[in-house]
Amino acid sequence: MTALHRKLLRDLWHLRGPATAISLVMACGVATFVMSLCTLETLWRAQSEYYDRYRFADVFVRVKRAPESLAARLAEIPGVAQVETRIVEQVNLDVSGYPEPATGRLVSIPDYRPPRLNQLHLRRGRRPEPEREGEVLVSEGFADAHRLQPGDKVRAILNGRRQDLMIVGIALSPEFIYQIREGDLIPDDKRYGVFWMPRTALEAVFDMDGAFNDAVLSLTPDAVPGEVLRRTDDLTEPYGGIGAFDRSEQASHKFVTNEMSELRGMALVVPTIFLLVSAFLLQVVVSRLIGTQREQIATLKAFGYRRSEVGVHYLEMIMVMAVLGVILGTVAGAWLGASVAAMYARFFRFPEFQFHLSPRVLLAAAGLSLTVAGLATLGAVRRAMALPPAEAMRPEPPAAYGTSWIDSQRVFRDASPVVRMIVRQIARRPFRSAMTCFGISLAVAVLILGSFMVDALDDVIDLEFTVAQRQDMMLTFFEPTVGRGVANVRHLTGVLSIEPFRALPVRLRAQNHSRRLALLGLPSDARLYRIVDRDRRAIPVPRHGVVISANLAKALELSAGDWLTVEVLEGKRPVVHLQIESLVADFQGESAYADLAVVNRLMQEGNVVSGVFLTADAAHLNALYRQLKETPQIASVSLKGAALTSIRQTIAANILRMRAFNVGFACVIAFGVVYNSARIALAERGRDLATLRVIGFRRGEVSGILLGELALFTLAAIPFGLLLGYGMADLVIHMAYDTELFRIPLVVNRWTYAFAATTTILAAACSGLIVARRVGQLDLIAVLKTRE
Amino acid sequence: MGKTNPRTEGMPATSEECRTHPHERVPVFQARGLTRVYRVGDIEIQALRGIDLDLYSGEFVVLLGPSGSGKSTLLNILGGLDAPTSGFVRFRDHDLVAADEAALTEFRRDHVGFVFQFYNLIPSLTARENVALITDITPNAMRPEDAIRVVGLADRMNHFPAQLSGGEQQRVAIARAIAKRPDVLLCDEPTGALDVTTGVTVLEAIESVNRELGTTTAVITHNAVIAGIADRVISLSDGRIVREEHNAIRKPPRELVW
């Protein structure tokens, strides 16, 4: 080892505190980067491998009832590679030992061959045999939630008849990676499951002999998807087709993709913050180090070391800190990534989901960190290289202070010398002071960034489940039902009030834009389900026209007062023009509402509803559930309380964990910035502070001077950090969470601000106190014997 | 000299000192058998090898010796910055050897004024503010302006250290040291970093403080010429007191030449 390398190691050892702080901050950046991008890549690989191996379909078609012969015509559409027709039905389930009703989605599989598309991965058990009645495969999520095993039974109401579904195996499908019931915000494995049943068995139960009501298509590589969709719609229209759609509208695919875009946003924003902070810390520490080593640099040069050798020496020192950060960050990132992947594995059902530490991502993380470290310290290293030996032999010129504007301030005139010391020290290096403040404020911002999601979701939940939806449950009927069905519900035990609704599959058109969605018809005096905007204002049900989401209007390039074309995809498929009476700024972003009477009039039907919202007497819930399970017309029951619980559990499991990570990260930043500032303040002013000790200042008073400055920085940083955090949350929402699926509102509540400020102050105080302990170790005698 | 310090009863001075000293005074410091051993790595450095010393109230003492003679170590022990390896030091009724770190801080705070070779002013504070730094923490202090006037820098009061010459900075340091009306003024090579002319002005400031305020003053120096301005000159060499002289007449600093 050369002498210079020994010096390097000893200098690093001497700087171990600040160096560790820098490496830790850098490690946080690398960790989030590695975690997000590796998880993203893991997801992406798992998804594309799954899709490939199990032939996930490209186009999805729903019809009311079409003859099997239509399949051949679909296959003839140019660009279509394969067609698989199916029977898909929603049924009510009765799981023994579980009082609440659950919903099952029955999907047919060919009797004796695997499906051509959306093939199943059999986890356990065997495939059902068409000859044996009621044999099914169940989705893994539902099986896990109810601890179902092959051999167990689940009772279902199939087309009005009760039947036991005999579970013979547990399976997964690329179609249901994310298994969520239509209209739900979050999956609920306890109340929603998928069952696969042989085609002939389902045909028999639902009277669908030689017919199908669902088809999936795959495309050839040269297919023009838009054209295929259009032609498919043309072919299926006579059979009650409600519009073919591609993967982008397929629920599971949409959610998985959405998650990936969130991860991508996270991989950009958070590591950037950490790299910025570590760059700043490196810059300050290395500049300071080179300042104190002027004489050593001069001596090295006087003895013939080249400029480049001096430069490399310091660069090596910087790289040691950066590489340490990269290694730590990679280890932490891998650990966090594995933990996030485990979390995903609970929501996203893949046959295999192994966290994959991508070498590409690791290289990028290392390259990025080392480059940032190099760039941040370039100036300081170049100064060291350029230092002329004769000049460098002289100690660094003493700090020059002068009067500034601040001295003329009235408040300042009465300030004590200690306060003046602090203020002038800050004012003397405005850039560094500002950067220190900025660094601390980033810690505050990271805390807000990591916590606001909980607030935002709380806000959505509250709005959605308290302000807008006031029902206890929502029932949907198999078929649009006339008044009598509604009356039956009203007379069930425990029902307090009901309110009918009609959900109509429609396509909204405006010029060259179109959107498929469900137009919700509500009674004009709706009380249980209200149209509510982001500001919690209830918007009246439109009298003649529609109310649509502001987001949707934007996508269609329409505004209030404009007319749009509504193509109904059900019944006689009327096409009507309706005026947009007003827009509603809501979260889900893709809603359209009309008066129930208007909907029924345009359908040329009487008083027909798709379902009802109801409130129930809590004392009679179990009796009501029992009756609902036995009511054949009811296709599904959604319990608001259950949805709420499931959402809260999901938030607790995922978001709170991410929040814990973020708190850790933010503490590292706050600690790192304050610790380094304090160490440097101590190094730069050690002589002053020791002098004060000698002339009789108590240790606490001297520590006060050191900490006073940091306290000022911290206090100044907090309001700015709160603002910055709000701004970053806004940015993250735009980058990662402003998807069509779901618009997360920017809500940061007071507690989150208080939490961010308090945590930062605590982290800063801890690091300040650690450094303040060194005030006691100041060498009082040595400091008097040396010139500055 | 015009000093009239009444003798205090019960003064624990030796009869020899009473005999040899022209004035009978209260001993402010009493040191007996002081040794100080530093350990640097495996090497022991014997900085003090048994010092007996009394400093009397109001007197001006010069501790003279070459570098390494132990004079700074002695001054540091007297000033409560360092502790002897053996022996005892007493300041009035304070036992400085038994005192802990906090008690030593209080001792410095209440009784001692320091002047250092390199001034040790706070660069971010003006001359007046550097003095105010001390007067703020001392109950019975002078006004900072008055302390600065004593050292003749009334017109430089609002200058920062970087805007003052070396001599001016040292005079500010003296003003800072005396502003709290210390019982003892300890100066470690106060002219060590200064040229002759400037050094003389600094010594004049110290001398006038001693004369006018009656502050017990100890100046350490390696410059034998300075000895002329003291009441008593104590020479140290190799950690021991080798000579002690009394000047019948103190020479005014401006007559010094080196």
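**Figure 1. Tyr38(B) and Ile45(B) face each other across a strand pair of chain B.** In this predicted model, Tyr38(B) stands opposite Ile45(B), a residue of strand 2 of chain B. Strand 1 covers residues 27-40 and strand 2 covers residues 43-56. The two strands run antiparallel and are joined by 11 bridges. Strands 1 and 2 of chain B form a hairpin with 2 residues between them. In the turn, Gly41(B) has a positive phi of about 65 degrees.

**Figure 2. An open sheet in chain B has 4 strands.** The strand order is 2-1-4-5, and the pairing is antiparallel. Strand 2 and strand 5 (94-95) of chain B are the edge strands, each pairing on one side only. Strand 1 of chain B also pairs with strand 4 (residues 86-91), through 5 antiparallel bridges. There, Gln30(B) stands opposite Arg90(B) of strand 4 of chain B. As a general point, side chains in a regular strand alternate between the two faces of the sheet.

**Figure 3. Chain B meets chain A.** On the chain B side, 34 residues are in contact with chain A; on the chain A side, 31 residues take part. About 2,900 Å² is buried between the two chains. Carbon and sulfur atoms give 58% of that area. Across the interface, 15 residue pairs are in polar contact, counting pairs with both residues at pLDDT 80 or more. Three helices of chain B each supply at least two residues of the side that touches chain A: helix 2 (71-78), helix 3 (101-111) and helix 4 (127-135). By class, that side of chain B has 15 nonpolar, 8 polar and 11 charged residues.

**Figure 4. Salt bridges link chain B and chain A.** The count between the two chains is 6. One pairs Arg109(B) with Glu701(A). Their closest N and O atoms are 2.4 Å apart. Over all chains, a search of the whole structure finds 67 salt bridges. In general, side chains of opposite charge can pair when their charged atoms come close.

**Figure 5. A salt bridge joins Glu203(A) and Arg199(A).** The N to O distance between these side chains is 3.2 Å. Both residues belong to helix 5 (residues 199-205) of chain A. Because they are 4 residues apart in that helix, about one helical turn separates Glu203(A) from Arg199(A).

**Figure 6. Strand 19 of chain A pairs with strand 17 and with strand 18.** Strand 17 (residues 546-549) and strand 19 (residues 575-584) of chain A are parallel, with 4 bridges. Here Val547(A) has Ser582(A) of strand 19 as its bridge partner. Strand 18 (residues 563-568) of chain A instead pairs with strand 19 in the antiparallel sense, over 5 bridges. Glu567(A) stands opposite Val575(A), a residue of strand 19 of chain A. Strands 18 and 19 of chain A form a hairpin with 6 residues between them. Gly571(A), in the turn, has a positive phi of about 60 degrees.

**Figure 7. Ser497(A) lies in strand 13 of chain A.** This strand covers residues 495-510. Leaving aside neighbours within four places in sequence, Ser497(A) is in contact with Arg527(A), Leu528(A), Phe613(A), Leu614(A) and Thr615(A). With Thr615(A), the contact includes a polar one between side chains, at 2.6 Å. Gln119(A) is 378 residues from Ser497(A) in sequence. In space, their C-alpha atoms are 44 Å apart.

**Figure 8. The domain assignment of chain A gives three domains.** Domain 1 comprises two segments, 1-65 and 255-397. Domain 2 covers 66-254, and domain 3 covers 468-646. The centres of domain 1 and domain 3 of chain A, taken over C-alpha atoms, are separated by 51 Å.

Technical notes: Residues are numbered from 1 along each chain as its sequence is written. Chains are lettered from A and ligands numbered from 1 in the order in which they are written. This is a predicted model: local features need pLDDT of at least 70, side-chain atom pairs count only at pLDDT 80 or more; totals for chains, interfaces and linings use all residues. Side-chain values use heavy atoms; hydrogens and water are left out. Contact means heavy atoms within 4.5 Å. Buried area is the accessible area (1.4 Å probe) that two parts lose on being put together, summed over both. A salt bridge is a side-chain nitrogen of Lys or Arg within 4 Å of a carboxyl oxygen of Asp or Glu. A polar contact is a pair of N or O atoms within 3.5 Å; within protein, one must be able to donate a hydrogen and the other to accept it, and residues adjacent in sequence count only if both atoms are side-chain atoms. Ala, Val, Leu, Ile, Met, Phe, Trp, Tyr, Cys and Pro count as nonpolar, Asp, Glu, Lys and Arg as charged, and the others, Gly among them, as polar. Domain bounds come from an automatic or database domain assignment. Two strands pair if DSSP finds at least two bridges between them.
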